Amino acid sequence: MPESKPRKRASTAAPAVKSSQPKPNPAWYKPVMFGLMIIGLLWIITFYISMSTLPVAAWGSWNILVGFGIAIVGFLMTTRWR
């Protein structure tokens, strides 16, 4: 009885090895992150000290939301800081 030929194994390339260390942030990341937090805080402080006339008088109480929005963007950047 004839013997069957053994199967040839398909050559598989080794998967690329990813480094376990994440890349560091660019040099501008940290100043922008802290800058946004400080600008948001200063926006809110300016609004309260000026009795609602500054930074933008037409926005009224929406200035608080703008200040918190700017600061929150800065705080959200802290989640990606390495």
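## A buried asparagine

Asn63 is buried, with a relative accessible area of 0%. Asn63 is part of helix α2. Leaving aside residues up to four places away in sequence, Asn63 touches Trp43, Phe47, Leu54, Pro55 and Val56; a contact means heavy atoms within 4.5 Å.

The structure is a predicted model, in which local features need pLDDT of at least 70 and side-chain atom pairs count only at pLDDT 80 or more, while totals for chains, interfaces and linings use all residues. Residues are numbered from 1 along each chain as its sequence is written, and side-chain values use heavy atoms, with hydrogens and water left out.

## Overall form

The protein has two helices and zero strands. Its radius of gyration is 28 Å, well over the 12 Å that the globule rule gives for 82 residues, so the protein is more spread out than a compact globule. That radius is taken over C-alpha atoms, and the globule rule is 2.2 Å times the number of residues to the power 0.38. Helices (H or I, at least four residues) and strands (E, at least two) are DSSP runs, numbered from the N terminus. Along the principal axes, the C-alpha trace spans about 100 × 25 × 15 Å.

Of the 82 residues, 17% count as buried. The protein exposes about 7400 Å², and carbon and sulfur atoms supply 68% of this area. Accessible areas come from the Shrake-Rupley method with a 1.4 Å probe; for residues, only the protein chains shown count as cover. Among the contacts with a separation of 6 or more, 61% are accounted for by residues 24 or more positions apart.

## The two annotated spans

An unreviewed UniProt entry places the feature "transmembrane region" at residues 28-50 and 56-77. UniProt positions are given in the numbering used here, feature names are shortened, and annotations may be inferred rather than shown by experiment.

In the model, residues 28-50 are 91% helix and 0% strand, and their end C-alpha atoms are 32 Å apart. Residues 56-77 are 73% helix and 0% strand, with end C-alpha atoms 26 Å apart.

## The loop between the helices

At 70% relative accessibility, Met51 counts as exposed. Ser52 lies in that loop too; its phi is positive, at about 70°, although Ser52 is not a glycine. With 37% relative accessibility, Ser52 counts as partly exposed.

Pro55 is also in the loop between α1 and α2. The peptide bond from Leu54 to Pro55 is cis, with omega near -10°. Both Leu54 and Pro55 are among the residues that Asn63 touches. Ser61 likewise lies in the loop between α1 (29-49) and α2, and is exposed, with a relative accessible area of 57%. Ser61 and Asn25 are 36 residues apart along the chain, and their C-alpha atoms are separated by 36 Å.

## A nonpolar surface patch

Phe34, Ile38, Leu41, Leu42, Ile45, Ile49 and Trp81 form a nonpolar patch on the surface, with about 700 Å² of accessible area together. Patches are made of residues with over 30% relative accessible area and no salt bridge, where like charges are joined within 9 Å and nonpolar side chains (Val, Leu, Ile, Met, Phe, Trp, Tyr) within 5 Å. A salt bridge is a side-chain nitrogen of Lys or Arg within 4 Å of a carboxyl oxygen of Asp or Glu.

Leu42 is in helix α1 and counts as partly exposed, at 47% relative accessibility. The C-alpha atoms of Leu42 and Gly67 are separated by 7.8 Å, while the two residues are 25 residues apart along the chain. Trp81 is in the segment after α2 (62-77), and is partly exposed, with a relative accessible area of 42%.

How values were computed. Buried < 20%, exposed > 50% of the residue type's maximum accessible area, 1.4 Å probe, protein only.
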